[in-house]
Amino acid sequence: ITSKKTSKFSSLPLPPGPPTLPIIGNLHQAPKTHPWFQFHTWAKTYGPVLHLNMAGQHVIVLSTNKAAHDLLARQGATFSDRPHFVVAHELALQGMHMLLRPYDQRFKLHQKLESPVLGERAAKAYVKIQDLESKQLLLDLLRGGGRPINPHDEIERMTASVIYTLFYGQRVREADDAILLQAHAVNHEFDQLAQVGKYLVDSFPVLNRLPGFLAPWKAEAAEHWGKQRALHVGNLERGLKGGSWNVARQMKRAVDGMGEVVMSVDELALDIGIMADAALDASTETIMWFVLACVTEGHRGWVDKAQGDLDRVVGRGRLPGFDDRAGLPYVTAAVDELMRWRPAGPAGVPHFTKVESSYEGWRIPANSVVIPNHWAITREEAVFGPDVEALVPERWLGEELPIVGFGYGRRICPGRHVARNGLWIAVARLLWAFDIMPELNELGAPVDVDTKGTDGLVTKPLPFKARFVPRGSWVRDVVSRECDTWGVDHHDVLDQIGREVFN
Ligand code: HEM
């Protein structure tokens, strides 16, 4: 690791971290999977700002909300870049992946385009679609007849349908809808390309100057780009042809209205498509974690308490709706606590700084990868109180705790308003309708459920089953009456949204 001897921070020490070996630094200790657990363990020894040397690459891991906020938000001008992925981003996505874009003028232009369609005002209008699709979810789950199921398909259909309806005007009827299968296939391939350490050229970008026959990754990336393009341009074109308002049409209109700005169809399509991808997994898996929480943490009494409130405020003759939100603070607390208990992106999305700076007497070197470790941040007892491994909504009542899990600063998740509304209505309605119970084994005992989750940018619960047992005959009555949504004209709803927010 080299540093400029003349810099004004050069006399400062690096933040503490585990002892290093010559040349490879901490590479031999680098966690192979689930890095957030090891980062959390190290933070207990070395503190909230941790330095790792990964064979010359500086990595700074932040483990408290304060450190993450101080660096990534308060010093946002310095800490809003992303690490550079030659294969996955520069080649395979032609530099157009919103999540991986460097923090530059083009990024700011995309942010400017996205903010009106994802902001609080738009999110408020989108609840009409979230209302529709969360009703459909209840009907889909009711049809399971209380048998043990893995509800991933039903939940993913709902979140996908919310996003694809809003973005492209197209509802998703089944989990194996072609639009969703194509997205899965492309994203799966992208995840392989983006694996850290897979391509030497990601560590030594100079290798990219090699001719194609010596650089096989170029052909792989070019083939992948074709698939990304087909997926996102195809969706954009369908969206633009649609008869009603949608995000694709709105953003095209915004680009056209920018006059001097030139944006290719590919670039616009990728922007919208990557937003849709970013929305899908994190929202689906957070609701999956909610189901798992009911199965593994439900015995703590929070489910009964939330259902008691729902019975009192909503009653049994109708579904809870967004208008009930103010009267259901315990349900809101359960949603906030769910995101704390199992943040869907446990190690956040890495930031990057190109310039040297300092924090609390430590030197933060130029070209550091900076990781806000949500897993550790959500387990900070000084902020969230005791018993952080348990799901305890009470900790949020009457307290101003930080909402965690959406990242920090200028790269904070722009979809967080849409996401929080979607989580709230799904959680409120699932709690109102069902006792979500564990699967039972042949002896009638609950089947053990692993709560560790998968590795990856978004962590998913490992496969498990739950029983969605209707809380009473009234559930069947209300759900049968109100939740078959296939007859609703969603184009009409989209036009209402367009008029309400953008006219
Ligand atoms: C529970 C659901 C969600 C979670 C937990 C989540 C979490 C995150 C996180 C941690 C980041 C990185 C922030 C950072 O770098 O500091 C992010 C970025 C992003 N999210 Fe979300 N997200 C969710 C839902 C959504 C939704 C619904 C949308 C869009 C409708 C969305 C769009 C995006 C985009 C476009 C970015 C890239 C921002 C950038 O790099 O500047 N997300 N999200």
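## A buried lysine

Lys-135 is buried, with a relative accessible area of 18%. Here buried means under 20% relative accessible area, exposed means over 50%, and partly exposed lies in between (1.4 Å probe, protein chains only). The structure is a predicted model, in which local features need pLDDT of at least 70 and side-chain atom pairs count only at pLDDT 80 or more, while totals for chains, interfaces and linings use all residues. Residues are numbered from 1 along each chain as its sequence is written, and side-chain values use heavy atoms, with hydrogens and water left out.

Lys-135 belongs to helix α5 (residues 120-142). Helices (H or I, at least four residues) and strands (E, at least two) are DSSP runs, numbered from the N terminus. Leaving aside residues up to four places away in sequence, Lys-135 touches Leu-319, Arg-429, Glu-482, Cys-483 and Thr-485; contact means heavy atoms within 4.5 Å.

Helix α1 (residues 35-46) has 12 residues and reaches 16 Å from its first C-alpha to its last, close to the 16 Å expected at 1.5 Å a residue. The expected span is 1.5 Å times one less than the number of residues. Just after α1, Gly-47 takes a positive phi of about 100 degrees.

Which residues of α1 are buried? They are Trp-36, Phe-39, His-40, Trp-42 and Ala-43. These residues are on the same side of α1 because they cover an arc of only 165 degrees around the axis, the arc being that of the directions from the helix axis to the C-beta atoms. Their cover includes β1 (49-54), β2 (57-62), β7 (368-372) and α14 (374-377). The face turned away from the buried side carries the exposed residues Lys-44 and Thr-45.

## The ligand and its iron atom

The only protein donor of the ligand's iron atom is Cys-413 (SG), at 2.3 Å. Donors are N, O and S atoms within 2.8 Å of the metal (3.2 Å for Na, K and Ca); water is not among the atoms, so sites may look incomplete. Cys-413 is in the loop between α15 (381-384) and α16 (416-433).

The ligand is surrounded by 23 residues, each with a heavy atom within 4 Å of it. Polar contacts are pairs of N or O atoms within 3.5 Å; within protein, one must be able to donate a hydrogen and the other to accept it, and residues adjacent in sequence count only if both atoms are side-chain atoms. An N or O atom in the side chain of Arg-82 is 2.8 Å from a ligand oxygen atom. A polar side-chain atom of His-351 also lies 2.8 Å from an oxygen atom of the ligand. The largest share of the shell, six residues, comes from α11.
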